Every structure is written in C-alpha cells, then in structure tokens.
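The following note sets out numbered points on the model shown here.

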Amino acid sequence: MKKKLFSEIPYLTSQRLVLRKIVPEDAPGLTELVNSPNVYRYLPTFLFEKKYDVETVIERLYDECFKESIILGIFMEGEFCGLAEFYGFRDDAHKISVGYRLLERFWGQGIATEALGLMVDYLYGQTDIEIITASTMMENSASARVLEKNGFDLVVRASDEDWGYEEPTPSDKWIR
Ligand SMILES: CC(C)(COP(=O)(O)OP(=O)(O)OC[C@H]1O[C@@H](n2cnc3c(N)ncnc32)[C@H](O)[C@@H]1OP(=O)(O)O)[C@@H](O)C(=O)NCCC(=O)NCCS
C-alpha cells in the first residue's frame, strides 16, 4: 500500500547523504544558507525559510509550513549542506513539485543530483505520487543539469511566472 505524501516527515538516506527533519541544532547551517545571496539568486522570494528568523522557521517547519511544503535538511557526514523541498501538492492529481538549494561550498560534488534521486525514489517508490514537476529560472544551468541527470524532461520554456520579483520570471518547467 502506497503512502500519502504529507502523512509523515520523510527520512531518506543514501551511502553519502541523509535527508531529514530540521531540528534546532541545525540553526547555524540554516542561518548561513538564508544569508547567502548567491544561493537565492535563482529562487523565488517567498520560500518559507526566509519568512521568519531562523529559530521561528525551525519551530514552524513541521506545522505552519507543513500545510504547504515539506522542507528537509540535506546532510553529508552529519554536516548541514542545504534544503530539499516538496511543494505544490495536488492530491487529486497525485502531483508534487520539488526543489533544492545548497550552501555554496557544497556545490559541484553531485550532492543535489543525489538528493533529488532520493526524493524521486521516495515519491515513486513509497507514495502514490504519479507526476513530479520542477521549475528553474532559465539562467540556472546547474539546476537544469541536476534535473536532466534525474530523468526530468523540459516541457515548457520561458513561461512567465510570479516568483515574487517586480517583473515576471521567465521559467522552464520540468516533468518526471
Ligand atoms: C543548483 C544546485 C542545487 C546544484 O547543486 P550541485 O550539488 O552543485 O549539483 P550537482 O553537482 O549534483 O550537479 C550539477 C551539474 O551542473 C553542472 N553545472 C554546474 N554549474 C554549471 C553552469 N554554470 N552551467 C552549466 N552546468 C553547470 C555540473 O557540471 C553538473 O553536471 P555534470 O555532472 O554533468 O558535470 C546548487 O548550485 C545550488 O544550490 N544553487 C542555488 C540554489 C538553486 O539554484 N537551486 C535550484 C533552484 S531551481
């Protein structure tokens, strides 16, 4: 029997990575992340971790935020590397969107590719999700590669979306 996404806080592991619930001890890593302009350059402005101070964010991640999103920490050898997110759940359509963001010092080591692989395996292996989507800013070639390497197809190019900026954001839409 397949689970419903949002019926649990997922705990996902590979040899190298753990994707798990964020706890108060993770505040320093999360603080570094939210204060990294280069990380948020290609992201929407309205992400939950930016909504409050870090302590409040951590307190509310699995109640207030959990109504909309599941945000997990990505850890390598116990060290906080970034966040993985499931959002835009459509239970009737068995559909979910995925996102990820890493501290800059962890870029280029295949971590996002591996984390997304764990997310896809969980969604298709353990839940009744049938469609996984993602959106990237057109300039974000690294994220596009991460999606390609996980078998996502580019289905819409340069669709104007509201990512919270003054101007609409031309974004690419991906499906797996
Ligand atoms: C996008 C991001 C998650 C990638 O994480 P990562 O762990 O460095 O990604 P990986 O190492 O798994 O794979 C990156 C791939 O992109 C490629 N790449 C990296 N920078 C690139 C660039 N500027 N142009 C083209 N390709 C690039 C890498 O070579 C690699 O592909 P390869 O394995 O074929 O060589 C990370 O850069 C990040 O956190 N960026 C800021 C937040 C963000 O943009 N999140 C995604 C929003 S949609």
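Predicted model: local features only at pLDDT ≥ 70, side-chain atom pairs only at ≥ 80, totals over all residues.

1. Strand 3 and strand 4 (residues 79-90) run antiparallel and are joined by eight bridges. Strands (E, at least two residues) and helices (H or I, at least four residues) are DSSP runs, numbered from the N terminus; two strands pair if DSSP finds at least two bridges between them. Within this pair, isoleucine 74 stands opposite glycine 82 in strand 4. The hairpin of strand 3 and strand 4 has two residues between the strands, and glutamate 77 there takes a positive phi near 45 degrees.

2. Residues are numbered from 1 along each chain as its sequence is written.

3. Strand 3 (residues 69-76) also pairs on another side of the account: strand 2 (residues 17-20) is antiparallel to strand 3 over four bridges. Leucine 17 has methionine 76 in strand 3 as its bridge partner. Six of the eight residues of strand 3 are buried, and the strand is mostly covered. A residue counts as buried if 20 or more other C-beta atoms lie within 10 Å of its own, exposed if 12 or fewer, and partly exposed in between, with C-beta atoms placed from the backbone.

4. The sheet as a whole is open and consists of eight strands in the order 1-2-3-4-5-6-8-7, with mixed pairing. Strand 1 (12-13) and strand 7 (153-161) stand at the edges; each has a single partner strand, so one side of each is left without a neighbour in the sheet.

5. Strand 6 (residues 131-137) and strand 8 (residues 169-175) run antiparallel and are joined by five bridges. Here serine 135 stands opposite lysine 173 in strand 8. Helix 5 packs on the sheet and touches both strand 6 and strand 8; its direction makes about 160 degrees with that of strand 6. Such angles run from 0 to 180 degrees between N-to-C directions, the axes being lines fitted to C-alpha atoms, for helices over the stretch in contact.

6. Alanine 134 is found in strand 6. Because 24 other C-beta atoms lie within 10 Å, alanine 134 is buried. Apart from neighbours within four places in sequence, alanine 134 is in contact with Ser97, Val98, Gly99, Leu147, Phe152 and Trp174, where contact requires C-beta atoms, placed from the backbone, to lie within 7 Å.

7. The largest nonpolar core has 39 residues, and those with the most contacts inside it are Ile74, Ala84 and Ala115. Helix 4 gives the most to this core, with six residues. A nonpolar core is a set of buried Ala, Val, Leu, Ile, Met, Phe, Trp, Tyr and Cys residues joined through C-beta atoms within 7 Å. Not counting residues up to four places away in sequence, alanine 84 touches Leu19, Leu72, Ile74, Tyr100, Ala115 and Met119.

8. Which residues are closest to the ligand? They are Ala112, Thr113, Ser141, Ala142 and Arg145, in a shell of 22 residues. A residue is near the molecule if its C-beta atom, placed from the backbone, lies within 6 Å of it. Strand 5 (95-102), helix 4 (111-126) and helix 5 (141-149) are the elements that give two or more residues to this shell, and helix 5 provides the largest share, five residues. The shell divides into ten nonpolar, ten polar and two charged residues; Ala, Val, Leu, Ile, Met, Phe, Trp, Tyr, Cys and Pro count as nonpolar, Asp, Glu, Lys and Arg as charged, and the others, Gly among them, as polar.

9. Threonine 45 lies in the loop between helix 2 (37-40) and helix 3 (54-60). Threonine 45 is exposed, because 11 other C-beta atoms lie within 10 Å. Not counting residues up to four places away in sequence, threonine 45 touches Trp163, Gly164 and Tyr165.

10. Most residues other than glycine have a negative phi. Phenylalanine 6, in the segment before strand 1, has a positive phi of about 80 degrees although it is not a glycine. Histidine 94, in the loop between strand 4 and strand 5, has a positive phi near 55 degrees. Phenylalanine 6 is partly exposed, with 17 other C-beta atoms within 10 Å; histidine 94 is partly exposed, with 17 other C-beta atoms within 10 Å.

Definitions and conventions. Contact = placed C-beta atoms within 7 Å.
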